[in-house]
Amino acid sequence: LSSADERFDGSILAHSCKQKLELMSKVLSNTVSSFRGDRVEGGFVLAAYGQEENKDHALLALGRLRTSIASELSNNRLLNIPSDVYELLWVTDFPLFSIVDDSETGPVIKSTHHPFTIPKQEDIEKLYTASSHDELTQITAQNYDLVVNGWELGGGSIRIHDANIQEHVMSNILKTRTDRFSHLLKGLRSGCPPHGGIALGLDRLVAILCGASSLRDVIAFPKSTTGRDLLTGAPASLSSDELSDYGIDLLKDRQRF
């Protein structure tokens, strides 16, 4: 990280970074075990590290810190970030699977995006030949994110259109019951062309265009940090009288259908 301006004391920025990283570590449930900053000529270097399974958390902390520092320098007029320039990029080549630590069963394989994403053509064979979790994480997915000025504007993927591949991913890799997706597999077997999609966040686009620092600034009724709607008071319990007005009856000890 460059000092950006000779008027800016690098030690002050280093102290600010340390505080931000400590806060991020708490947000990430302290999975990033340590941070270290060393001053070098013209700036200083920061490193974050933890256990191998928490590598992504360390990268996330440093990524958030990078944008936070840029914002801080910009606010102090030490870094010029043009407000009328929109830089777009595609993020691709995500891993199809990730290893997630389960408190009951230990490390398990999960879909990085969702279980309907197809891998790149050259990696399809690896779905059948991979013999370990690590080998499965080397399979590259056909999914993508669109980023604008550091904001993730949207994301999507190319879907699995082959019923045999879909059933193999669910049954043999993710260990998921396929009976809940019988309608999907039936549809794929009926003949499904290659297809995909992308979902764009309208609220994020509005935030970018308005120069807002938070999505909460452009959402009509943002929720609190506990998930409550301060306008309506939701979520809240309803009395029996209120439920009866809508013909709703709660089944407690009665037989459920």
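**Nonpolar core and aromatic pairs**

F97, L127, V169 and I173 touch the most other members of the largest nonpolar core, which has 14 residues. Such a core is a set of buried Ala, Val, Leu, Ile, Met, Phe, Trp, Tyr and Cys residues joined through side-chain atoms within 4.5 Å. The model is predicted: local features need pLDDT of at least 70, side-chain atom pairs count only at pLDDT 80 or more, and totals for chains, interfaces and linings use all residues. Residues are numbered from 1 along each chain as its sequence is written, and side-chain values use heavy atoms, with hydrogens and water left out.

- I173 is in contact (heavy atoms within 4.5 Å) with F97, I109, L127, L136 and H168, leaving aside neighbours within four places in sequence.

**Aromatic pairs**
- Two aromatic pairs are found in the whole structure; rings of Phe, Tyr and Trp (its six-membered ring) pair if their centres lie within 6.5 Å, and planes under 30 degrees apart count as stacked, over 60 as edge-to-face and the rest as tilted.
- The ring centres of W90 and Y144 are 6.1 Å apart and the planes are at 85°, so this pair is edge-to-face.
- W90 is in strand β3 (residues 88-91) and Y144 in strand β6 (residues 143-148), 54 residues apart; helices (H or I, at least four residues) and strands (E, at least two) are DSSP runs, numbered from the N terminus.
- W90 is exposed at 53% relative accessible area, whereas Y144 is buried at 17%; buried means under 20%, exposed over 50%, and partly exposed in between (1.4 Å probe, protein chains only).
- F116 and F181 have ring centres 5.8 Å apart and planes at 65°, so they are also edge-to-face.
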